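Subject: Structure handover

Hello,

Please find the structure below. My notes on it follow.

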Amino acid sequence: IEDSIRRTLPSEVYKKLEIQFMQLGNDCLHVNSLRQAKEFFKPDERFLICMANHIFDPTLIQKMACAPLQAGAEEAYALVETDFVGMVGVPATIYKVRLHRQDLQDVRAVQITTELMALDNADGVCAGLFACNYTVFDKVDALASGEAVYFTMADVLAGDVTSFPSSLHCMTTDKKVWFAAETKDTLAYAISNGLRDIGIISDDSKWLQDGAFDFEGKPIHTGPVGQAKWPGGSDWSSFSVERWRNAVYVTTKYFGELCEDTIKFIVEIAKQIKLRGESVSLVEVGCGTGEFVYPIADHFRVAIGVDFNANFINFCMSQMRGDKMRFVHGNAAELVSLMKQTAPAHIWTDTKIVACVGNTMGIIPVWLKPRVYQQMKELAGPKGVVIIVYWNANWFGDACQNFYHMNPQLCGPFGGESIDLDRTTLRTPEPVCYTSHWTSVEEARQILREHGMEEIIVEERGKGVLVAARVLPE
């Protein structure tokens with residue numbers, strides 16, 4: 001490793017980094033490397049500890065380096081990932097944490113462990129980056145002098161969570177990219193997908209030109225050489241699950257309230273239908289990775305998610321629970337025939353809610369929208385309800401600054417020339433070419449009139465415009 005670093009780094013960079021190497025010999029437990037590192041630090045110094053085989057967005061390293069850690073204080077900071085559902089190749093021994101969130105400005109851990117407790121019982125997983133001070137060496141020495149033959153960083157920090165309040169502070173990743181290439185699955189995913197999105201500069205744009213290999217030396221598929229960003233642009237059929245889940249619905253800081261309002265809106269309409277003594281089924285157009293189907297499926301005889309991205313549907317099916325959910329890969333422009341081929345027979349006698357939420361309509365090409373509206377209307381039929389949730393045009397300017405600029409993995413980088421405030425539309429440049437239109441209450445009502453639907457509800461709800469409509473009788 002030392003020889004490789006010396007050969008790879010330019011000499012002027014190598015000198016600035018002031019890298020120190022420790023030869024551990026046959027005794028390669030990583031805690032022993034911590035003990036030997038003690039001689040390089042002074043009692044009043046702070047430092048970061050990074051687990052081996054971990055890679056971080058540079059902003060995460062900067063964030064942890066700025067942690068308000070006091071010299072000499074019995075405390076530490078851990079970088080924690082709270083959005084760990086669906087993570088690729090997670091080892092069973094990953095550090096799991098439970099959090100105490102009473103003070104949202106200073107979240108603390110109440111448990112940290114490598115034990116094989118179910119991830120469902122955890123609030124997050126450690127991302128392998130810790131901000132510590134000199135007191136960590138005392139904790140390591142105390143464990144090393146005991147009877148423990150092997151212990152981990154989780155064991156070192158476990159003592160910090162025994163008091164209240166805990167002295168193990170937690171900083172979340174805030175959807176920034178990081179990888180722990182500890183298994184073949186994570187290594188393959190990191191190289192074939194995500195690492196192209198992590199801080200690559202033009203000089204490094206061809207870093208994969210010689211290929212990549214797993215732990216056994218077998219080649220890993222890497223996609224087009226020199227692509228520092230996902231090569232599919234806004235081709236939604238090839239959009240990756242990870243890229244999607246790090247973009248829209250997972251951005252709860254911005255859309256969390258609208259997501260809750262959408263769920264309540266759909267469920268309340270379903271209840272009203274059932275109060276009439278009718279069975280009700282749901283079909284969601286553009287279900288993504290199932291963010292809206294999962295929490296509301298129990299309110300329906302069946303809840304069917306439709307998306308033309310096979311990656312999304314495969315993910316949904318892997319997470320599916322119970323017999324009330326179904327996920328179908330197909331084109332919304334052929335929604336009726338798709339349901340005739342795949343849906344259970346009872347939906348044709350059920351009252352149907354046909355929904356399109358999360359501004360899916362805002363990203364469908366203009367030329368295709370009339371066909372999708374017509375198909376939704378036809379599937380709902382005279383008894384059913386069409387529900388559409390648009391993103392609110394009144395929030396478009398705010399979103400350009402506080403949502404889209406914060407989510408380049410969704411739309412790519414862009415400047416002012418991509419923003420059309422008059423038409424409340426964003427069109428980002430190549431290679432992503434993402435387009436999104438935000439809709440006003442007045443425009444939503446006009447759409448219903450143009451497509452022969454009668455308004456039941458059209459209302460502005462925070463960042464959304466919530467619409468419920470039925471087919472006009474002929």
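Which residue in strand 13 is the bridge partner of Ile304? It is Arg326. The model is predicted: local features need pLDDT of at least 70 and side-chain atom pairs pLDDT 80 or more, while totals for chains, interfaces and linings use all residues. Residues are numbered from 1 along each chain as its sequence is written, and side-chain values use heavy atoms, without hydrogens and water.

Sheet

Strands here are DSSP runs (E, at least two residues), as are helices (H or I, at least four), numbered from the N terminus. Strand 12 (residues 303–307) pairs with strand 13 (residues 325–329) in the parallel sense over five bridges; pairing requires at least two DSSP bridges.

Strand 14 (residues 351–356) and strand 15 (residues 385–391) run parallel, joined by four bridges, and Val354 is opposite Val386.

Cores

A nonpolar core is a set of buried Ala, Val, Leu, Ile, Met, Phe, Trp, Tyr and Cys residues joined through side-chain atoms within 4.5 Å, where buried means under 20% relative accessible area (1.4 Å probe, protein chains only). The largest has 45 residues, with Ile353, Ile387 and Tyr404 making the most contacts inside it. Helix 9 (residues 252–275) supplies its largest share, 10 residues. A separate core of 36 residues includes Val306 and Val354.

Regards

Note on methods: Buried < 20%, exposed > 50% of the residue type's maximum accessible area, 1.4 Å probe, protein only.
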